[in-house]
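Me: I'd like to learn how to read the features of a model like this one. Could we go through them together, one at a time?

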Amino acid sequence: MTFLLVLALWSAAFWCHECLQPRTRNAFPRQTGAVSVNQIVRALAPCLALTLCLFEDPALGIFYWLGLGSTAGLGTSVLMAVLKQKRGLARMSKTPL
């Protein structure tokens, strides 16, 4: 259970980080209050994940934290790339030739 929770926290942090990037504004428009929420999640989610990993097993917790962070980063980046590509293809199909 801790494994999935830490993976979800890392994924949320990476998702919020990507949504705060200027190049992502066109692909994923955001609401007015979403910036502060994204900044808070981006800062607190990895800290909470580290706490959970160290609570479970202090000796191996840091390795689990780093490994799950890497896995979540790769998974989130692939998901964002696929979603951006689908949005791009949907825009292209609406424009007449």
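Reply: Gladly, and keep in mind that this is a predicted model. Let's begin with burial: cysteine 16 counts as buried because its relative accessibility is 7%, below the 20% cut-off for that class. Cysteine 19 is buried as well, with a relative accessible area of 14%.

Me: How many disulfides does the structure have?

Reply: The idea is to look at the distance between cysteine sulfur atoms, which have to lie within 2.5 Å to count as a disulfide. Here the count is 0. The cysteine sulfur closest to that of cysteine 16 belongs to cysteine 19, and it is 6.4 Å away, too far for a bond.

Me: Now the aromatic rings. How do I describe a pair, and how many aromatic pairs are there?

Reply: Two values describe a pair of aromatic rings: the distance of the centres and the angle of the planes. This structure holds 2 aromatic pairs. In one of them, tryptophan 10 and phenylalanine 14 are stacked, at 5.4 Å centre to centre with 20° between the planes. Both residues belong to helix α1 and sit 4 residues apart, about one turn of the helix.

Me: Are tryptophan 10 and phenylalanine 14 buried or partly exposed?

Reply: Tryptophan 10 is buried, since its relative accessibility is 11%. Phenylalanine 14, at 28% relative accessible area, is partly exposed.

Me: What about charges? Which residue forms a salt bridge with lysine 84?

Reply: In general, side chains of opposite charge can pair when their charged atoms come close. The structure holds 1 salt bridge. In this salt bridge lysine 84 is paired with glutamate 18, and their closest N and O atoms are 2.9 Å apart. Because lysine 84 lies in helix α3 and glutamate 18 in helix α1, the pair ties together parts that are 66 residues apart in sequence.

Me: Where does glutamine 21 lie, and is it buried or exposed?

Reply: Glutamine 21 is in the loop between α1 (2-19) and α2 (34-56). With a relative accessible area of 18%, glutamine 21 is buried. A polar atom of the glutamine 21 side chain lies 3.2 Å from the backbone oxygen of histidine 17.

Me: One last feature, the surface. Which residues make the nonpolar surface patch?

Reply: Leu54, Leu60, Ile62, Phe63, Tyr64 and Leu66 make a nonpolar surface patch of about 570 Å². Helix α3 (residues 58-94) gives the most to this patch, with 5 residues. Take leucine 60 as an example: it is found in helix α3, and its relative accessibility of 39% makes it partly exposed.

Note on methods
Residues numbered from 1 in each chain as written. Predicted model: local features only at pLDDT ≥ 70, side-chain atom pairs only at ≥ 80, totals over all residues. Heavy atoms only, no water. Patch = residues over 30% accessible without salt bridge, like charges linked within 9 Å, V, L, I, M, F, W, Y side chains within 5 Å. Areas by Shrake-Rupley, 256 points an atom, 1.4 Å probe, with all protein chains shown as cover. Salt bridge = Lys/Arg side-chain N within 4 Å of Asp/Glu carboxyl O. Helix = DSSP H or I, 4+ residues; strand = E, 2+ residues; numbered from the N terminus. Buried < 20%, exposed > 50% of the residue type's maximum accessible area, 1.4 Å probe, protein only. Polar contact = N/O pair within 3.5 Å; in protein donor to acceptor, adjacent residues only side chain to side chain. Phe/Tyr/Trp six-rings, centres within 6.5 Å; stacked < 30°, edge-to-face > 60°.
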